[in-house]
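Here's a walk through a two-chain model, one local feature at a time. Have the viewer open as you read.

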Amino acid sequence: MAPAPAIEVRGVAKAYPIFRTPRHRVLEALSFGRLRYHRPFWALRDVTLQVPRGATLGIVGANGSGKSTLLQVIAGIVRPTAGTVVTSGRIASLLELGAGFSPDFTGRENLEMYGAIAGLPRATVRQRIPAVEAFADIGEFIDRPVRTYSSGMFVRLAFAAAIHVDPEILLVDEALAVGDAAFQHRCIAKIRELQRAGTTIVFVSHDMGLVKAVCTEAVLLAAGRVLRRGTPAEIVSLYHGEVSTAAVGDAPRPAPRAPDVVHPTFRPDPAFDRRAGLFRHGSGGARIRNVELLDAGGGALGSVAFGMEVTLRVHLEFYEDVPVSTLGFIVRDKTGVDLVGTNTNEEGRPLPPRPAGSTLVVDFTQRLPLQPGPYSVSTALAYSPTQPLYLDWVDNALVFDVLPPGHKHVHGKVWLPVDITIHE
Amino acid sequence: MTPAQALGRSLVSPFQVLLGQRDTIELFVRREIRGRYVNSVLGLSWAVLHPLALLALYTFVFSHVLSVRLGGDGGPASFPLYLFCGMLPWLAFADGVTRASSVLVEQTPLIKKVVFPSEVLPAYVVIAALVMEGVGLAVLLPAVVLFGGGLGWSLLALPGIVLLQFLFTMGVAWFLACVGVAVRDVRHVLGVLLTLWMFLTPIVYPADMVPARFRWVLALNPLYYLVEAYRDVVLGHRLPPPSHVAVLAGVAVVVFVAGYATFRYSRHVFADLL
């Protein structure tokens, strides 16, 4: 039997009620369920994950994706709206550096306080203070009021205090990226020491280098859901271009089909709708129902040979009368840089007026001599070529790889045809 | 579990929490008391000066301006002592519950960012207020020896009365701490309510000045029993009437248990509300 995980999160969801004014909160509470003034904001939805004992799990995701809430839920600070969290072992949370420090007291006094708050017996705290002092390395300031500290000193003391609590489970939120390079180095060394000692660590960070350096596993959160769990390198590269192979990952690659070069038909894809939901905004007056990448024969492509001519086919469905509209796309690399893109107006091919209930299939055909690697395509349908008002915008509509050219190296992000003349 | 066992457990478990966290509470209490005075010129002497200043003020107003008189044994010094003796438990109560109503908001980082037993926060402000009362008692008791009728064996009952006072204050404090998180206005309301409560309690006037038809108001007021018990054991050289002790003890235990239960029940939402 496998040993019980240190942290087990099962089906956890967390909703925060949003009230327009504090008065509404009171009115709703006093009505005992008869009145409803709030609307829920779901910070987490159906999160399930286990962290094995001794593992270090990195949590990455955009701002507002629910990372901090997840840590608070694991810590037991915030009670989930649904689902359960089971943890085994003493937890220390480093969600905010210096929480509980008071500025009028000396560093040493604050360390005693911090230890007590963290639940350590006083004798243990006294015993550890020299080690904390040495780690923080702030010299005689340890006996001066914390309000006289520079912000760097404060952070060093706070971090030193937190990391010397010696928990079985350590939860860290964005706290490691502090201090100068030498101090960071020491922090990482200390983390490794904790890892060797079998501490289970969960940490949230925007510092992808750190995630790769320290974590044994990582998860990508988006809009309160776990998009993908994997090796740190995998998750970091996903996070980096907001490339959503995670969203796409479970969907089967489109199967090769009979070519229909002659007259392509409108072909919506429910799987596309599902994953587009995560990355979509717009009025909804029309929708992008499918995006395909095809070779010259009309076969679906998952990866593209360097420089090969490909067709990006976009299937549109209109739900209102749209006299004028513009369809565009942009190809992004894994770090989110816009590389190639255009729209129908830019290229002098405006879309015809569309009545409600009609469909349209648009092909963009071009060569993609891009540096080998993963790319994502965003597509958008706008009301007008000049105003940023969108019927539908889908980020990460499609993900594909460019394969390395056999015969040469691609020095930049894009290779452009070049003529070379040598004059002797 | 029989109801008696259930009551026993609900009475014991808050004590277990408080005892388990006594190191933390002690540090908080020290920090609270030092924190109040650490940057002031007169420092800790304010702990004595503040009640003395109130004492002088109330003595002037009630004894000299409004001519409140004590029945019977009153010498010239006895009104200030009488007043001071009633004021000390009142101030500790009012101070404790007022601070408790805002302490969770003040310590938001501890609640939102640290795994921490938040019961400790109202507890430390209540205990800090009791420690401050201790400073006041250290002034009162010698004064009773020097200017009053001296001290009697009845003083030995004072710790028991202080314990009941603690239970009652603690229960109210836990309850108000919860209310204070949900409704921030409670601070403002509380100031008015406490002033009203103080004047309904025989602190600045003797209980026997209250007309008979209003005596029932006193009988409903737990602080009345508390203040009178203080005066009995410190000034009166007698134990409080057993019926009074029984009422005070009963109310204190019920409020303590109910306050703790309310806090335990509500604590899960603190982090959401702060």
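Let's start with Ala223(A), which counts as partly exposed because it has 17 C-beta neighbours inside 10 Å. Keep in mind throughout that this is a predicted model. You'll find Ala223(A) in the loop between β8 (217-222) and β9 (225-230) of chain A. For background, most residues other than glycine have a negative phi.

Asp46(A) is another one to click on, with a positive phi of about 50° although it isn't a glycine. While Ala223(A) is in a loop, Asp46(A) is found in strand β2 of chain A.

## Another three-stranded sheet

Further along chain A there's an open sheet of three strands in the order β11-β13-β16, again with antiparallel pairing. Its edges are β11 (286-294) and β16 (359-367) of chain A, and each of these pairs on one side only. Direction ignored, the neighbouring strands of this sheet are turned by 20° against each other on average.

How many bridges link β13 (residues 309-318) of chain A to β16(A)? There are nine, in the antiparallel sense. Along that pairing, Arg313(A) stands opposite Asp363(A) in β16(A).

## A buried valine

Now over to Val132(A), which is found in helix α4 (residues 122-136) of chain A. Val132(A) has 23 C-beta neighbours inside 10 Å, so this residue counts as buried.

What does Val132(A) touch, leaving out residues up to four places away in sequence? Its contacts are Leu111(A), Ala160(A), Ala161(A) and His164(A). There's also a C-alpha distance to check: Val132(A) and Phe159(A) are 27 residues apart along the chain, and their C-alpha atoms are separated by 9.2 Å.

## Helix packing in chain B

For helix α4 (residues 78-106) of chain B and helix α6 (residues 120-147) of chain B, the angle is about 170° and the axes are 8 Å apart. That makes α4(B) roughly antiparallel to α6(B), because angles over 145 degrees count that way. Sorted by class, their contact has 22 nonpolar, two polar and three charged residues.

Helix α1 (residues 3-20) of chain B and helix α11 (residues 242-266) of chain B give another picture: their axes come within 10 Å and cross at roughly 70°. So α1(B) and α11(B) are roughly perpendicular to each other, and α1(B) passes α11(B) in a left-handed crossing. On the α1(B) side the residues are Ser10(B), Leu11(B) and Pro14(B), meeting Val253(B), Phe256(B), Val257(B), Tyr260(B) and Ala261(B) in α11(B). By class, this contact has seven nonpolar residues, one polar and no charged ones.

## Where the chains meet

Finally, the interface. Chain A puts 22 residues into the contact and chain B puts in 18 residues. On the chain A side, α2 (67-75), β5 (91-94) and α3 (107-117) each supply at least two residues.

Which of the elements gives the most to the side of chain A that touches chain B? It's α3(A), with four residues. By class, that side of chain A divides into twelve nonpolar, five polar and five charged residues.

Key. Residues are numbered from 1 along each chain as its sequence is written. Chains are lettered from A and ligands numbered from 1 in the order in which they are written. This is a predicted model: local features need pLDDT of at least 70, side-chain atom pairs count only at pLDDT 80 or more; totals for chains, interfaces and linings use all residues. Axes are lines fitted to C-alpha atoms, for helices over the stretch in contact, and angles run from 0 to 180 degrees between N-to-C directions. Angles under 35 degrees count as roughly parallel, over 145 as roughly antiparallel, 65 to 115 as roughly perpendicular and the rest as oblique. A crossing is left-handed if the near helix is turned anticlockwise from the far one by less than a right angle, and right-handed if clockwise. Two residues are in contact if their C-beta atoms, placed from the backbone, lie within 7 Å. Ala, Val, Leu, Ile, Met, Phe, Trp, Tyr, Cys and Pro count as nonpolar, Asp, Glu, Lys and Arg as charged, and the others, Gly among them, as polar. Two strands pair if DSSP finds at least two bridges between them. A residue is buried if 20 or more other C-beta atoms lie within 10 Å of its own, exposed if 12 or fewer, and partly exposed in between; C-beta atoms are placed from the backbone.
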